Amino acid sequence: MTTSYTVSQLAARLGCPFRGDGDRVISGVASIEECGADHLTFVAGERWARRLSPRAGAAIVAEQPPVEGPAYIIHPDPQLGFIEMTLLFHPPEENEPGIAEGAYVAGDAEVHESAHVAPGG
């Protein structure tokens, strides 16, 4: 199931202001090179600002928007904001506590009851 958010909703989750179209729908995150009209990316530094495409859906930036085009979320640490948004769109899998079949645990190891031990690979 794909979850989508508006730029204004994403900005509110980050506790940050936004500029541009707050009603623009974002359905995922992408790198600055692969960002499409429904993606969120981030800009860290002037060198990357030049690579931002106007076709990008939205970008997290540290200061005023670098170019005209997408909507922007102003965040003091754009990379951290992008990580938070990546976790929103791609939450980590929840694992059941315990030792999974095929996992190796030393006989004298102490494993907390809330830990999940998966088989190695």
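This is a predicted model: local features need pLDDT of at least 70, side-chain atom pairs count only at pLDDT 80 or more; totals for chains, interfaces and linings use all residues.
Visitor: How many bridges join β5 to β6?

Guide: Two strands count as paired if DSSP finds at least two bridges between them. Strand β5 covers residues 39-42 and runs parallel to β6. Phe42 has Ile60 of β6 opposite. The number of bridges joining β5 to β6 is 3.

Visitor: Are the residues on the two faces of β6 buried or exposed?

Guide: Buried means under 20% relative accessible area, exposed means over 50%, and partly exposed lies in between (1.4 Å probe, protein chains only). In β6, residues 58-61, one side carries Ala58 and Ile60 and the other carries Ala59 and Val61. Both faces are covered, and all four of these residues are buried.

Visitor: Which residue of β7 is the bridge partner of Ala59?

Guide: Strands β6 and β7 (residues 71-74) run parallel and are joined by 4 bridges. Ala58 has Ala71 as its partner in β7, and Val61 stands opposite Ile74. For Ala59, the bridge partner in β7 is Tyr72.

Visitor: Which residue of β7 stands opposite Phe18?

Guide: β2 and β7 pair in the antiparallel sense, over 2 bridges. In β7, Ala71 and Ile73 point one way, Tyr72 and Ile74 point the other way, and all are buried. The residue of β7 opposite Phe18 is Ile73.

Visitor: Which strands stand at the edges of the open sheet?

Guide: The sheet has 5 strands in the order β2-β7-β6-β5-β4, with mixed pairing. Each edge strand has a single partner strand, so one side of each is left without a neighbour in the sheet. The edge strands are β2 (18-19) and β4 (28-29).

Visitor: How many strands are there in the chain?

Guide: From the N terminus on, the elements run β-α-β-β-β-β-α-β-β-α-β-β. Helices account for 3 of these elements. The number of strands is 9.

Visitor: What is the radius of gyration of the chain?

Guide: The radius of gyration is taken over C-alpha atoms, and the globule rule is 2.2 Å times the number of residues to the power 0.38. Along its principal axes the C-alpha trace spans about 60 × 30 × 25 Å. For 121 residues the rule gives 14 Å, and the chain is well over that, so it is more spread out than a compact globule, with a radius of gyration of 19 Å.

Visitor: Which residues does Val43 touch, not counting those up to four places away in sequence?

Guide: Val43 lies in the loop between β5 and α2 (46-49). Its relative accessibility is 6%, so Val43 counts as buried. Contact means heavy atoms within 4.5 Å. On that basis Val43 touches Ile32, Trp48, Ala49, Leu52, Ala59, Ile60, Val61 and Pro78.

Visitor: What share of the residues in the chain is buried?

Guide: Of the contacts with a separation of 6 or more, 31% are between residues 24 or more positions apart. The count of buried residues is taken over the 121 residues of the chain. The buried share is 34%.

Conventions:
Residues are numbered from 1 along each chain as its sequence is written. Side-chain values use heavy atoms; hydrogens and water are left out.
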